[in-house]
Amino acid sequence: MRSFVKGSERELLGGSYAPITTAFVVVRGPEGTMLLYNRYRKLWELPGGMIEPGESPRQCAVRECLEESGQTLADVRFVGLCELLFAKNARRERDEIAYAALYSAALPAPAPFAPNHEQAAMRWWRPGEELQDACAESLSMIALAPPHEAATKGEMAVRLCVIGCGGIARTAHLPALRDASAEGLCVLAACCDVDESRAQAFREAGGFAAAYADFRAMLAAEKPDGCLVLTPFAFTPAIASAVLRQGVPALIEKPPAETLAACAPLVEAARHTGSQVAFNRRHMPLTRAMADGMRGAAVEHIDYTMYRVARWEPFHTTAIHGIDVVSYLAGSPYREARLFYDAPSGYQRGAVNMHIHARMQNGASARLSFIVGSGLVHERFLITGGGRTVEGAVPVWNGADTPGRVRMWEGGALVREVAGDNLPMHVSNGFLHQLHVFLDSLRTGAFHHGVQTALQSVDIAEALARRADVYAP
């Protein structure tokens, strides 16, 4: 197994991970985890197999378990996707990557097993027991699937509150929250907005238990495990730092502040409480596919373009998305950059296009362009390194490149293509995966996208705002 991808079934199976060719299920009973002895491979394995035409991965897992073991599964839960590498052989001209959908199920009263043409025996295995002829990938999958009861108890304990019920909260975060709640991953405790009628409308739309006009009163009454701060950036530092100082971890809409100096209270408050900045580009399925396409190759150069239509307002607070995602894909902070500006005829209210020519700390170079008066909405990438180039067009805000695609090239030949699917915007634009990462962080206590990781992006965006010519940390 090369890697494991965790997320919701809806997001991953309808996203950029392809091909998904097999499905497996970790079945736990009173005596341990089910393993079947395959007559042909002569290995103890999990039940599972190839997905048939017209069959979903979930249906495949249930069918294979019934055919191979005689066990009928009811409460089947999605765990994630396992990335598998099939080496070049007589049937394959090159190494191939495919994904397996992994599920888990509880079986309190197993039925008797009858040997069949494929499986010679069934046993119940517990970790730590000696087991000869075990399939290594099956044992890895077992380790990835949490026990049913423990997962349910831990997931349902996560109570969330939301501060700020405006546009970005309604269009992007609310659908993700509804999905996560429907999956049993969180409880929507309360929402808050200074406009009480807007908070009430948000509560009704999302199924929150309560609505407030005062976030401090909400936190005191609800005692949430985590809080989403989705306020305009002018108010975010004060509100988010107050949330963090109360010991409540926060998912903070970008930018966390407009200037580096304004980030200071957030940085201090986040020293002792977990935080995550909502840079959703990091979590888009196709962005993750681009990172996957460059795995094993050192990034040497990135070209990135962001095009928008008639965006005459100060654009640096949107450009920060591109600044962040380039650093994320390069795997390195910026070392230095030159900044350029142009204002074509017809631009209004002092708006300018912005360009960044950068060198990263790991030696990679990058060119970023933000064109605010174009005829379309798009964001595109070219990432090169080690003789490999990955090109990506992401479906940002259902723009011109929707549903998007990622292609990987080597030696002038196309070696892999990932086509985007017509997913709901909150899934294709990364908001659902972003929320899943936050929920996982709340459970584990490990936050990897915190305020500290956003500071350089804020600093460069601030340099764009004041029309600086050079950026040097």
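How many nonpolar, polar and charged residues does the lining of the second largest cavity have, by class? The structure is a predicted model, in which local features need pLDDT of at least 70 and side-chain atom pairs count only at pLDDT 80 or more, while totals for chains, interfaces and linings use all residues. Residues are numbered from 1 along each chain as its sequence is written, and side-chain values use heavy atoms, with hydrogens and water left out.

The lining of the second largest cavity has 5 nonpolar, 1 polar and 3 charged residues. Here Ala, Val, Leu, Ile, Met, Phe, Trp, Tyr, Cys and Pro count as nonpolar, Asp, Glu, Lys and Arg as charged, and the others, Gly among them, as polar. A cavity is a set of points, on a 1 Å grid over the protein atoms alone, where a 1.4 Å probe fits but cannot get out; a pocket is an open set with protein on both sides within 12 Å along at least five of seven lines, and lining residues have an atom within 4 Å of a point. Grid points are joined across faces, edges and corners, and a volume is the space filled by probe spheres set on the points. The second largest cavity holds about 50 Å³ of space. Its lining is made of Ala 289, Gly 293, Val 390, Val 406, Arg 407, Met 408, Arg 416, Glu 417 and Val 418. At least two lining residues come from each of helix H10 (285-293), strand S21 (405-410) and strand S22 (413-419). Helices (H or I, at least four residues) and strands (E, at least two) are DSSP runs, numbered from the N terminus.

By this rule there are 4 cavities of 30 Å³ or more. The largest cavity has a volume of about 60 Å³. Ten residues line the largest cavity, and Pro 285, Leu 286, Gly 420, Asp 421 and Leu 423 lie nearest its centre. That lining has 5 nonpolar, 4 polar and 1 charged residues.

Helices H5, H7 (215-222) and H11 (316-330) each supply at least two of the lining residues, and H11 gives the most, with 4 residues. By class, the pocket lining has 16 nonpolar, 10 polar and 11 charged residues.

Helix H5 also takes part in a helix pair. H5 (residues 167-182) and helix H6 (residues 196-206) pack at an angle of about 35°, with their axes 10 Å apart. Axes are lines fitted to C-alpha atoms, for helices over the stretch in contact, and angles run from 0 to 180 degrees between N-to-C directions. On the H5 side the contact (heavy atoms within 4.5 Å) is made by Ala 169, Arg 170, Leu 174 and Arg 178, and on the H6 side by Arg 198, Phe 202, Ala 205 and Gly 206. By class, this contact has 4 nonpolar, 1 polar and 3 charged residues.

The backbone has some details to look for. Most residues other than glycine have a negative phi, and most peptide bonds are trans. The bond from Ala 18 to Pro 19, however, is cis, with omega near -5°, and Pro 19 lies in the loop between helix H1 (9-13) and strand S2 (20-29). The bond from Lys 254 to Pro 255 is also cis, with omega near -20°; Pro 255 is in the loop between strand S13 (250-253) and helix H9 (264-269). Asp 133 is not a glycine, yet has a positive phi of about 60°. Asp 133 sits in the loop between strand S8 (119-125) and helix H3 (136-144) and is partly exposed, at 44% relative accessibility. Buried means under 20% relative accessible area, exposed over 50%, and partly exposed in between (1.4 Å probe, protein chains only). Arg 349, likewise not a glycine, has a positive phi of about 55°. The loop between strand S16 (334-342) and strand S17 (353-360) holds Arg 349, which is exposed, with a relative accessible area of 64%.
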